[in-house]
Amino acid sequence: GGRRIGLRNCVPFTMWKWGICGVWACMLIQIGMAQDRDPTEFFCGKDDCFSLLGLNRSATLAEVKSSYRRLSLQLHPDRNKADDAEEKFAKVSTAAKVLTEKRAEYEDYLDHPEKYYWLYAQHMTAKYAPRSDARAVIFLLFCLFTALHYGNMWLNFQNARDRVKQSPAYKREVASLVASGEAKTVAEADRMISVEVVGITPPTWKDSLPVILCLLPWKALKYMKWNLQWIVRYSILKQDYLHEDQEYLARRELNLSETKWRLLPETEKSAMLERKIWVKENLESYKLDQRVRANRAGKKNTTRQRRSRREDINEDFIE
C-alpha cells in the first residue's frame with residue numbers, strides 16, 4: 001500500500017499540437033498517394049512534335065492537320081496490324097493536339113530549354129492514381145484521427161501526472177519517505193506514491209473515437225428524452241425541481257462542469273441549493289456575498305503577512 005497524492009483541475013491544453021500533427025499526416029498521405037507530372041508530358045515527351053508529323057517548325061496549321069489525317073489513316077490500329085502501330089498512333093495524336101492547341105507554349109519551350117524547371121514547378125500537380133479507393137482513404141484518415149484522439153488523451157493524462165510530481169506537496173512526500181527510511185532513494189519513493197489527478201483518468205477503449213461515434217445516436221436520444229421530461233415535469237406540470245435537477249441548474253448558472261461540482265465541499269453545495277441560486281436575484285446576492293467573503297479573507301491574509309514581517313524584523317534586530 002503506497003501513499004496517495006493528487007492535484008485538482010490539472011488539464012493541460014495540447015489539442016492544437018495534435019491538430020498540427022494531423023494536418024501534416026494528411027499532407028504526407030496525400031503526397032504518398034499522388035505523383036508528379038513531368039512538364040514534357042504536356043507536349044510529346046522526349047520526341048519532337050514536328051518530327052512525329054514529318055514537318056518542320058515553319059509548317060502551317062493546315063499542314064499540321066493534313067499530315068495528321070494522313071498518318072492517322074496509316075497508323076490506326078484498325079487498319080495497321082503492326083505491333084507498334086497503336087503506340088505510334090498515340091504519339092501522332094498527341095503531336096497534333098500539341099501543335100494545334102499549345103503550339104506557342106511548345107515553341108517557347110524549344111527556344112528556351114532552361115525553362116524546364118520553371119515548367120516543372122508550374123505543372124507539378126497531384127494526380128491521383130485510378131487505383132486509389134476513396135473508401136480506403138476515408139478509412140486511413142479515420143484511423144489516423146482515432147490514434148491522434150487517443151494519443152491526446154494519454155498525453156493529457158501523463159502531463160497531469162507530471163504536474164502533480166512537480167508540486168510542492170509531492171516533493172514534500174518524497175522527502176518524507178526518504179527521511180523516514182521507508183524509501184532508500186528518491187526513485188523508490190516515487191514508486192511508492194500513487195499519483196491521482198482528480199477529474200482525469202487513464203483513457204480506455206471506451207474513450208476511443210469509434211466507441212464515441214457509435215454511442216452518439218444513443219446519447220442524442222437520451223438527451224432528447226431528458227429535455228422532454230424536463231418540459232413536461234417543470235414547464236407543464238409545474239413540479240418542484242428534483243435534487244439532481246437543482247444541482248444541474250446551479251452548475252449551469254456558475255458555469256461548472258460535473259467534475260468541478262463534485263469537488264466542491266458538501267456544505268457549500270447545500271448552501272447554494274438552499275439559496276436557489278438559479279434564480280437571478282438569488283444568484284446576484286450569492287455572488288455579492290462571495291466577493292465580500294473573499295475581501296475579508298484577503299485582508300486577514302495581508303494582516304498575517306504584515307505581522308510575520310514585523311516578527312522577522314524584531315528577531316533580526318534582537319540578534
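This is a predicted model: local features need pLDDT of at least 70, side-chain atom pairs count only at pLDDT 80 or more; totals for chains, interfaces and linings use all residues.
Reader: Why is the disulfide of Cys 44 and Cys 49 called right-handed?

Author: The torsion about the S-S bond is about 115°, so the disulfide is given that name.

Reader: Are Cys 44 and Cys 49 buried or exposed, and what makes them so?

Author: Buried means under 20% relative accessible area. Cys 44 has 11%, so Cys 44 counts as buried. Cys 49 has 0% and is buried too.

Reader: What are Cys 143 and Cys 214 called, and why?

Author: Exposed means over 50%, and partly exposed lies between the two cut-offs. Cys 214, with 61%, is therefore exposed. Cys 143 has 35%, so Cys 143 counts as partly exposed.

Reader: Why is the pair of Trp 230 and Tyr 241 called tilted?

Author: The structure holds ten aromatic pairs. In the pair of Trp 230 and Tyr 241, the ring centres are 5.7 Å apart and the planes stand at 35°. Rings pair if their centres lie within 6.5 Å; planes under 30 degrees apart count as stacked, over 60 as edge-to-face and the rest as tilted. An angle of 35° falls in the remaining class, so the pair is tilted.

Reader: Where in the chain do Trp 230 and Tyr 241 lie?

Author: Trp 230 is in helix H10, while Tyr 241 is in the loop between H10 and helix H11, eleven residues apart. Trp 230 is buried at 16%, whereas Tyr 241 is partly exposed at 33%.

Reader: What makes Tyr 234 and Tyr 241 a tilted pair?

Author: The distance is 4.6 Å centre to centre, with 50° between the planes. Tyr 234 is buried, because its relative accessibility is 8%. Tyr 234 and Tyr 241 belong to one aromatic cluster, whose members include Trp 230 and Trp 278.

Reader: Which residues make the nonpolar surface patch, and why can Val 232 be part of it?

Author: Leu 228, Ile 231, Val 232, Ile 236 and Leu 237 make a patch of about 470 Å². Patch residues need over 30% relative accessible area. Val 232 has 35%, so Val 232 passes that cut-off and counts as partly exposed. Val 232 lies in helix H10.

Key
Residues are numbered from 1 along each chain as its sequence is written. Side-chain values use heavy atoms; hydrogens and water are left out. Patches are made of residues with over 30% relative accessible area and no salt bridge: like charges are joined within 9 Å, nonpolar side chains (Val, Leu, Ile, Met, Phe, Trp, Tyr) within 5 Å. Accessible areas come from the Shrake-Rupley method with a 1.4 Å probe; for residues, only the protein chains shown count as cover. A salt bridge is a side-chain nitrogen of Lys or Arg within 4 Å of a carboxyl oxygen of Asp or Glu. Helices (H or I, at least four residues) and strands (E, at least two) are DSSP runs, numbered from the N terminus. Buried means under 20% relative accessible area, exposed over 50%, partly exposed in between (1.4 Å probe, protein chains only). A disulfide is a pair of cysteine sulfur atoms within 2.5 Å. Rings of Phe, Tyr and Trp (its six-membered ring) pair if their centres lie within 6.5 Å; planes under 30 degrees apart count as stacked, over 60 as edge-to-face and the rest as tilted.
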